[in-house]
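Me: I am new to this structure and would like to learn how to read its features. Could you guide me through them one at a time?

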Amino acid sequence: MKMHMNHLPQTQTRKQRSLWQDAWRRFKKNKLAVISALFILLLSLIAISTIVIDLTTGNSFYRQYVIKQNLRGKLDAPSAAHLFGQDEFGRDVLLRMIWGVRYSLFMGILAIVFSTLVGGFIGAISGYYAKLDNVLMRFMDILLAIPSMLLATAIVAALGPGLVNVLVAIGIAYIPTFARTLRASVLTVKEQEYIEAARAVGADDFRIITKYILPNAMAPLIVQSTLGVAGALLSIAGLSFLGLGIQPPTPEWGSMLSNARTYIRDAWHITVIPGLGIMLTILALNLVGDGLRDALDPKLKS
Amino acid sequence: MSEPLIRVSGLKKYFNTPSGFLHAVEDVSFSLDPQKTLGVVGESGCGKSTLGRAILRLQEPTAGEVWFEGENILSYDAARLKQLRCRMQIIFQDPFASLNPRMSVFETIAEPLLIQGVFSKKDRTGLTRAVREMMDQVGLAERLINSYPHELDGGRRQRIGVARALVLNPRFLVCDEPVSALDVSIQAQILNLMQELQQQLGLTYLFITHDLSVVKHISDDIMVMYLGQVVEKAPAERIFENPLHPYTQALLSAIPIPDPDYKQERVLLKGEVTSPINPEPGCRFAKRCPQVTTACLKANLPLIEVEDNHYVACTLFGSAGAQHHAVRG
Amino acid sequence: MKNNVLLEVKDLVVRYETDDGVVQALNSVSLSLQQGRILGVVGETGAGKTTLAKAIMQLIPTPPGVIASGSVFFDGQDLLTFSKQHMRSVRGQQISMIFQDPMTSLNPVMFVGEQIMEVIRSHNPEMKKSEARAKAGEMLEMVGIPAERAVEYPHQFSGGMKQRVIIAIALACNPKLLIADEPTTALDVTIQAQVLDMIRELKQKLDTSIILITHDLGVVAQNCDDVAILYAGEIIEHGSLRDIFKAHQHPYTEGLFKSIPSLASKAQRLEPIKGLMPDPTNLPSGCKFSDRCQHTKPECRDQMPPFVDVGGGHWVRCVLAGKGGVG
């Protein structure tokens with residue numbers, strides 16, 4: 001490592017790369033992570049197009065094809081007309097899977113964005129201000145002491161099932177993880193000499209946190225968030241499976257799985273397909289997370 | 001003689017640790033004339049870096065006074081302290097740790113100007129010109145302006161550190177081991193640069209280092225520290241010609257001289273290093289000192305002027321001890 | 001030259017094949033060390049000092065490292081032809097290495113005595129535990145640490161004492177060759193003096209040969225018998241201590257001496273070497289120092305100057321060698 005970073009050829013001007021660009025270059029080399037990222041991107045595009053379709057058709061397409069029952073095709077196996085078959089009410093499984101992406105993936109992302117912001121804020125504050133650290137972290141410890149799934153279940157049970165409540169529940173459940181992650185890296189970065197250098201030229205706390213500490217402390221949080229989306233997605237599916245999450249007939253993958261399990265002997269496809277959907281998405285998110293970790297961790301740079 | 005630019009008196013810095021108060025800087029006083037260099041030497045843990053930071057108020061001193069350009073800066077409020085940063089700056093030891101890895105050369109050097117409001121963010125041309133001038137002054141090629149620290153070698157990084165410190169046009173610089181992390185050939189380049197800049201810009205340096213040959217090369221006066229206490233202070237030549245304090249003698253005899261014909265006589269040190277946490281009064285070197293007496297442990301020893309401008313804190317010298325001691329030539 | 005050459009490195013070439021290109025870490029390095037002497041290897045960051053030490057120990061991580069060619073004769077046998085297993089028995093037993101940082105080289109959760117015992121027992125499996133313990137105690141005493149302290153953890157020792165423990169571990173099996181990679185760089189000067197004095201005493205007592213890798217010419221002057229100067233993966237000058245300090249001929253060696261502030265003479269301006277070490281992925285053709293040298297001639301850039309003996313085992317790689325040099 002020492003060998004190659006110290007030397008810049010004197011004669012030629014090389015294209016200058018920031019550390020983020022360097023990380024992107026390393027990420028691109030990890031084929032599995034890139035494929036997974038493309039898969040997630042594809043899912044996002046699907047989710048966005050379903051939203052666009054719903055907005056332009058005023059939900060009529062949704063009502064006509066995604067939730068309208070068609071008992072004649074009940075539990076039909078995959079065919080040319082219905083590639084993934086039909087479910088217990090004769091609805092097209094493929095369309096339901098496609099419409100379900102937004103609930104699974106987007107809600108996972110939304111929940112994690114919420115908890116990353118809140119948890120990140122708490123973590124940054126408690127890492128930087130030693131006086132607040134104890135109070136904030138003990139509070140986080142209390143939250144951490146309860147298993148996140150149990151906490152989310154309890155919150156939903158208290159607030160009642162429903163889309164927003166699930167979001168809030170999962171968001172809160174993940175806050176302490178992110179707060180801890182960012183706090184740990186803020187504590188390390190805070191001791192670096194360049195922080196003192198910034199103070200020596202008169203920078204105030206806000207500038208030091210936003211310009212010096214956060215950019216250098218973000219990497220573990222980014223990795224953790226990506227992995228967190230996978231966890232949140234699983235929690236949403238789990239809550240829905242238990243009947244506490246998104247209610248039928250909304251085509252959420254977890255509730256599809258839950259409703260399908262009664263028919264697993266007669267129609268394997270309606271259980272396997274949402275199951276596979278959840279599994280592949282989580283696998284992809286984890287691979288992206290791993291890829292990001294390798295790309296962002298300068299210690300693995302060689 | 002001109003007015004001293006900076007005068008430190010009775011400066012103390014204690015750290016609260018779980019096992020008690022760590023006396024990092026104990027009652028340090030000195031004054032420094034404009035355009036002079038005071039070298040501070042000592043081994044790791046002697047408080048030399050803490051001294052530099054306490055003077056700049058990067059770490060708040062526990063007690064004492066720091067007079068700079070006729071004002072006690074320890075009484076400054078936050079706003080005046082921020083202005084003071086334009087006149088007092090610091091260069092750090094580690095050119096790898098002291099630069100924000102996410103900021104380019106331009107951003108790093110421009111940062112002090114933006115923070116202090118010398119230029120506004122909109123005045124991109126003015127800012128760029130100021131940065132380019134500074135880069136030119138410290139010997140950084142213009143094409144490196146958008147480089148990031150991790151792409152540069154140690155010597156160039158240290159030039160960025162120097163540029164960042166000088167861009168606000170300060171009068172006084174604390175140099176905390178600025179060349180210790182560099183290879184000898186690069187070290188010589190940076191030392192020369194610092195001497196040139198001192199002459200051109202009329203800078204005053206507090207030069208902290210553990211390297212005695214470097215400190216002799218660059219300093220007018222040298223102050224030797226041991227576990228927070230100043231044990232000896234004298235003009236650079238005199239410290240080497242006539243070291244008086246037993247610790248200074250031991251330190252000088254331990255430096256390996258790059259000359260095979262020079263056979264060194266070691267002053268060997270025995271015994272345990274005194275803990276700087278809640279220390280007993282008296283000389284902290286006493287436990288390792290070959291010439292220790294009971295008087296050494298009674299009270300903290302004052303610096304006594306033994307010859308012109310040569311001060312030492314040791315019971316072997318001064319009115320109380322009265323017994324002058326034969327010293328190595 | 002005497003016959004009892006313990007180590008002879010010939011035309012050693014080591015490369016690191018990284019994503020950013022091929023790093024030419026060592027280019028045709030040759031040096032020799034006689035029994036019972038201390039060889040100082042001097043060079044700046046990135047010159048290949050540590051790579052040289054690791055190549056002798058066969059500890060180059062592969063990939064990305066490749067020992068492309070050359071030979072390392074130790075006691076008359078080429079180490080590069082040894083099997084992994086054979087080499088493992090040589091390491092520690094016949095060649096030992098100590099590293100720069102005493103803080104990270106010791107296992108923090110093991111008593112220091114046990115760490116010494118472990119080395120002794122791994123090379124002498126038939127030795128009884130009690131014997132090994134006694135030997136470990138002896139080793140500690142030898143480096144100036146009371147044997148009672150064998151049952152303490154590394155964090156209970158100061159930096160200088162830790163480095164002594166590491167030396168005790170390195171010498172536990174009475175190796176013929178000790179490679180010390182910047183053993184005192186992390187220590188204060190007064191502690192450094194103690195550790196170096198001790199290394200010299202032990203060398204006398206145990207008749208160990210030593211390669212002392214350092215960037216500090218003062219340490220070399222006070223401790224070594226022979227010196228090799230490494231620059232950009234090449235040994236550019238190699239000879240006795242006096243050859244190098246009093247009659248050096250290579251412009252780089254000259255530049256190194258002019259870069260250090262002198263304690264003896266009055267302060268004057270330093271004359272540093274211009275420029276920087278070349279990029280090891282993109283070395284200049286010919287003499288690697290030609291871009292920074294004041295005496296560069298056109299032929300310097302055409303081909304690598306030969307390594308010539310200018311008399312009495314003083315080798316110089318420079319076209320000026322033997323023609324009065326630069327001094």
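Predicted model: local features only at pLDDT ≥ 70, side-chain atom pairs only at ≥ 80, totals over all residues.

Reply: Residues are numbered from 1 along each chain as its sequence is written, and chains are lettered from A and ligands numbered from 1 in the order in which they are written.

Me: How many helices and strands does chain C have?

Reply: Helices (H or I, at least four residues) and strands (E, at least two) are DSSP runs, numbered from the N terminus. Chain C has 10 helices and 12 strands.

Me: What radius of gyration does chain C have?

Reply: The radius of gyration is taken over C-alpha atoms, and the globule rule is 2.2 Å times the number of residues to the power 0.38. For 327 residues a compact globule would have a value near 20 Å, and the 21 Å of chain C agrees with this. The C-alpha atoms of chain C fill a box of roughly 65 × 50 × 45 Å along the principal axes.

Me: How is the packing of two helices described?

Reply: Two packed helices are described by the angle between their axes and the distance between the axes. Axes are lines fitted to C-alpha atoms, for helices over the stretch in contact, and angles run from 0 to 180 degrees between N-to-C directions. The axes of helix 10 of chain A and helix 12 (residues 269-296) of chain A come within 8 Å and cross at roughly 170°. These two helices are therefore roughly antiparallel, a term for angles over 145 degrees.

Me: Which residues meet between helix 10 and helix 12 of chain A?

Reply: Two residues are in contact if their C-beta atoms, placed from the backbone, lie within 7 Å. Among the residues of helix 10 of chain A that meet helix 12 of chain A are Ile222(A) and Leu233(A); the helix 12 side includes Leu285(A) and Arg293(A).

Me: Where does chain C touch chain B?

Reply: 30 residues of chain C are in contact with 31 residues of chain B. Helix 6 (189-206), helix 7 (217-223), helix 8 (241-247) and helix 9 (251-259) of chain C each give two or more residues to this side. Helix 7 of chain C gives the largest share, 5 residues.

Me: How many residues of chain A are in contact with chain B?

Reply: 23 residues of chain A are in contact with 28 residues of chain B. Helix 9 of chain A supplies the largest share of the chain A side, 6 residues.

Terms used:
Parallel < 35°, antiparallel > 145°, perpendicular 65-115°, else oblique.
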